[in-house]
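Please look over the sequence and the fold below.

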Amino acid sequence: MALPVLGRCCTRPPTLLTRFFRVDRGVLVRTTSINRTPVAPVLSTVRLFSSRRDGHSNRQTKKVVVVGVPNPFVWFRTRIYYFLIRSYFDKEFNIEDFTDGAKQAFSLVSRLLSQCQFEALEGLVAKDLIGKLEEKCTLLSPSHREALSAEPDEIMYTTPSDVGIYYDDNGRKFVSILMRFWYLTSAELPDESLDGARVFQVALGGERISEQKRLLTANYEFQREFTQGVPPDWTITRIEHSKLLD
């Protein structure tokens with residue numbers, strides 16, 4: 001992922017995930033800290049209803065109720081970090097826009113993982129992580145690999161989990177944002193293998209069809225180095241799918 005922020009310092013073309021994020025400018029700050037924002041979502045049963053009776057091109061709607069209960073102090077502190085990012089790194093940073101881009105990146109990368117297209121992950125995922133993912137994915141059964149993929153319209157809820165602004169011993173500056181996703185999958189999985197929510201689909205107009213789906217979670221960490229002269233790329237440095245890729 002790339003955000004062409006330091007345009008005067010870097011002339012390298014942006015990487016593949018550029019289109020998922022806004023094009024902004026930024027300056028540098030020497031800051032160190034990591035913020036964690038726990039959220040306890042409550043997800044209701046999801047029911048899908050067809051909108052037509054003729055059985056053709058049925059358009060279905062999903063309804064999910066999510067109640068986030070963050071710690072008020074941590075919620076406030078998180079907003080301070082967003083302010084620091086806007087003030088010293090990226091003046092047009094917006095967590096809502098970032099979340100939208102992260103969802104698209106998550107959908108793309110999860111699909112590539114499920115299809116074992118590891119070479120296509122170059123430029124999207126950290127190089128040292130790709131090898132580890134390949135080892136883990138090749139050990140998964142076909143149904144478990146299918147469960148990795150999250151289509152955009154199957155992503156039910158997305159929230160930032162961790163926000164970090166820090167620098168290393170060499171003075172390099174970084175921003176990392178850990179995003180958590182809840183998504184539906186129709187992959188056939190043993191009941192005891194994964195925790196998930198059952199989903200029932202009802203076709204109106206006669207025949208009633210029941211379909212079971214599962215509600216799974218995944219954590220993807222997006223990191224960008226803001227050191228002067230470094231390509232302005234967002235890169236995925238951590239990928240976790242609950243009980244699939246830990």
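Which exposed residues sit on the face of α3 turned away from its buried side?

The model is predicted. On α3, the face turned away from the buried side carries K127, D128, K132 and E135, which are exposed. L129, I130, L133 and C137 of α3 are buried. Seen down the helix axis, the buried residues of α3 fall within an arc of 105°, so they line one face. An α-helix has 3.6 residues a turn, so residues three or four places apart point the same way.

The cover over the buried residues of α3 includes α2, α4 (142–146) and β8.

## The nonpolar core

The largest nonpolar core has 47 residues. F98, V109, L113, V125, Y220, F222 and I239 have the most contacts inside it. Helices α1 (72–88), α2 (95–114) and α3 (127–137) each supply at least two residues of this core. So do strands β4 (155–167), β5 (173–185), β7 (214–225) and β8 (234–241). The largest share, 9 residues, comes from α2.

What does V109 touch beyond its neighbours within four places in sequence? V109 is in contact with L121, L124, V125, Y220, I236 and I239.

## The β4–β5 hairpin

Strands β4 and β5 run antiparallel, joined by 11 bridges. I165 has V175 in β5 as its bridge partner. The hairpin has 5 residues between the strands. In this hairpin, G171 takes a positive phi near 85°.

Terms used: Residues numbered from 1 in each chain as written. Predicted model: local features only at pLDDT ≥ 70, side-chain atom pairs only at ≥ 80, totals over all residues. Heavy atoms only, no water. Core = buried A, V, L, I, M, F, W, Y, C linked by side-chain atoms within 4.5 Å. Buried < 20%, exposed > 50% of the residue type's maximum accessible area, 1.4 Å probe, protein only. Helix = DSSP H or I, 4+ residues; strand = E, 2+ residues; numbered from the N terminus. Contact = heavy atoms within 4.5 Å. Pairing = 2+ DSSP bridges. Arc of directions from axis to C-beta.
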